[in-house]
Amino acid sequence: MQMNRRTLIIGASLLLGLTACQPPSDKTDSSDAPSTSAQTEAAPSTQPLTEAKTPKALTKALVTLSEKTLKEQLICSKLDDTINTIDNKSKIEDIHAVQRQIEACLPVADNAEILQWLEAYQAMYGRFLNTDSSMDDEAFYSVMDNIDQDGKLTVAQLKLVNPRVRYLISLVRSKADVSVRYIGEGHFAFHHDLSAMADMFTPYLPDDQSEFIQRMAQDNQEIFWFDAAIGISLEELVERAVFWEDFIGRYPDSRFYDDVKALLDTYRYLLFFGSENTQWIDDEARKFYLLKDERLMTQLAERTDSQLAEDVQKLLVFMAQSDSERHQLYPVPDKDENGHKINEWEVTHYQLSQALDISSLHDTVRDRNCLHGVICVDKDKQ
């Protein structure tokens with residue numbers, strides 16, 4: 001009996017040790033975290049220990065648990081390598097295998113590992129959906145346009161594109177997390193569900209990172225640029241800018257602070273200067289093209305403790321100024337800071353940039369791309 005009792009005590013101690021070694025959740029209140037399949041599968045892992053009634057049963061349970069733990073640790077330590085093996089020759093079953101491994105590893109990973117896997121997973125989908133097809137290929141364009149319009153394809157049409165394109169088309173038809181979207185300038189590409197990607201990772205991230213990734217998935221599911229035009233309305237642009245301005249207020253110490261600031265600066269610039277093919281105000285900055293846009297910006301000016309509101313207030317003052325007032329307040333040199341001659345049609349743009357003191361889009365975008373995935377990535381990694 002003494003031996004039995006001693007064995008049970010050792011087993012119980014190991015159980016307590018295993019429980020204590022579990023990494024704390026990044027969430028402030030784990031009870032609020034959404035339930036996931038990974039959490040459901042991981043939870044019963046120590047159940048055989050608590051249910052063991054004899055020393056023999058307890059020993060068997062400990063051996064089984066140790067084997068499973070070692071196996072999971074080995075799988076998780078090699079997860080980066082597994083993700084990186086996926087390319088444009090892989091099948092959807094390979095993606096599913098990676099997803100199962102990620103779901104098993106997320107509950108026991110630290111924050112740095114999770115973010116590293118997320119970046120690798122996002123890059124993985126880029127490789128998987130790469131078709132090696134020329135965007136100038138007329139057959140590719142015809143097939144992709146047909147799918148985008150939800151039209152039927154003939155066998156003859158499919159034979160004109162390469163086997164990889166045909167395989168990805170079969171995934172689109174089977175609703176396998178692959179779709180076709182127009183990316184501007186007459187080009188199409190295969191895409192995947194960013195929300196599904198975010199949903200896999202966010203339950204294991206702190207609030208600021210979870211909110212960042214979910215919002216990125218929402219905003220970047222559709223293309224932002226269309227043929228040098230902004231692909232969303234001014235109303236949505238305002239909503240995005242306000243969201244990121246508020247995000248900085250809520251999470252001033254967020255790990256993603258620099259990326260959020262870059263996003264806010266990008267949207268902030270586009271609110272007032274538009275793009276080559278998208279303008280909200282006329283060339284002389286005297287009036288808005290649409291009355292609803294004027295009302296929207298006037299409402300934005302009423303926000304409190306807001307840089308965006310201050311910007312709009314300056315814009316409205318500038319729009320009301322006469323030419324002579326503008327030239328007096330914002331004299332225009334013969335050449336810009338890059339030594340280029342400032343043409344007459346550039347005068348208003350130059351003066352408005354001086355009045356608002358907003359960085360140019362080139363300076364704002366920097367070397368990070370935040371308009372395509374659930375996280376921003378260095379442009380040299382794309």
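I started with helix H13 (residues 234-250), where Trp244 and Phe247 both lie, three residues apart, about one turn of the helix. Helices here are DSSP runs of H or I with at least four residues, strands are runs of E with at least two, and both are numbered from the N terminus. An α-helix has 3.6 residues a turn, so residues three or four places apart point the same way.

The model is a predicted one: I took local features only at pLDDT of at least 70 and side-chain atom pairs only at pLDDT 80 or more, while totals for chains, interfaces and linings use all residues. Residues are numbered from 1 along each chain as its sequence is written, and side-chain values use heavy atoms, with hydrogens and water left out.

I then looked up the aromatic pairs and found 17 in the structure. For Trp244 and Phe247, the ring centres are 5.5 Å apart and the planes stand at 65°, so this pair is edge-to-face. The criterion I used takes rings of Phe, Tyr and Trp (its six-membered ring) as paired if their centres lie within 6.5 Å; planes under 30 degrees apart are stacked, over 60 edge-to-face, and the rest tilted.

I checked burial for both residues. Trp244 has 1% relative accessibility and counts as buried; Phe247 is buried too, with a relative accessible area of 1%. Buried means under 20% relative accessible area, exposed over 50%, and partly exposed in between (1.4 Å probe, protein chains only).

**Disulfides**

I counted two disulfides in the structure, taking a disulfide as a pair of cysteine sulfur atoms within 2.5 Å. Cys76 and Cys105 form one of them, with the sulfur atoms 2.0 Å apart. This pair links distant parts of the chain, as Cys76 is in helix H4 (residues 55-77) and Cys105 in helix H6 (residues 92-105), 29 residues apart. I read -100° about the S-S bond of Cys76 and Cys105, a left-handed link. Cys76 and Cys105 are both buried.

Cys370 and Cys376 form a disulfide as well, with their sulfur atoms 2.0 Å apart. The torsion about the S-S bond of Cys370 and Cys376 is about 120°, so I noted this disulfide as right-handed. Cys370 and Cys376 are both buried. With the bonded cysteines numbered in sequence order, the pairing reads 1-2, 3-4.

**Helix H10**

I listed the buried residues in helix H10 (residues 163-173): Arg164, Val165, Tyr167, Leu168, Ile169, Leu171 and Val172. Their cover includes H6, helix H7 (111-128), helix H8 (138-148), helix H9 (155-159), E1 and E2. For contacts I used heavy atoms within 4.5 Å.

At the N-terminal end of H10 I found Asn162 as the cap, with a side-chain oxygen 3.0 Å from the backbone nitrogen of Arg164. Just after H10 comes Lys175, with a positive phi of about 60°, although Lys175 is not a glycine. Lys175 sits in the loop between H10 and E1. At 73% relative accessibility, I logged Lys175 as exposed.

**Strands and loops**

Next I took strand E1 (residues 179-184) and strand E2 (residues 187-191), which pair in the antiparallel sense over five bridges. Two strands pair if DSSP finds at least two bridges between them. I noted Ala189 as the bridge partner of Arg181, and Gly184 stands opposite His187. The E1-E2 hairpin has two residues between the strands, and Glu185 takes a positive phi near 55° there.

I also looked at Ala228, in the loop between strand E3 (225-226) and strand E4 (229-230). Ala228 has a phi near 65°, a positive value in a residue other than glycine. At 28% relative accessibility, Ala228 counts as partly exposed.

**Chain totals**

Last, I noted the totals. The protein chain has 19 helices and six strands, and 42% of its 382 residues count as buried. Among contacts with a separation of 6 or more, residues 24 or more positions apart account for 68%. The accessible surface comes to about 21700 Å², of which 51% belongs to carbon and sulfur atoms; accessible areas come from the Shrake-Rupley method with a 1.4 Å probe, and for residues only the protein chains shown count as cover.

Conventions: Polar contact = N/O pair within 3.5 Å; in protein donor to acceptor, adjacent residues only side chain to side chain.
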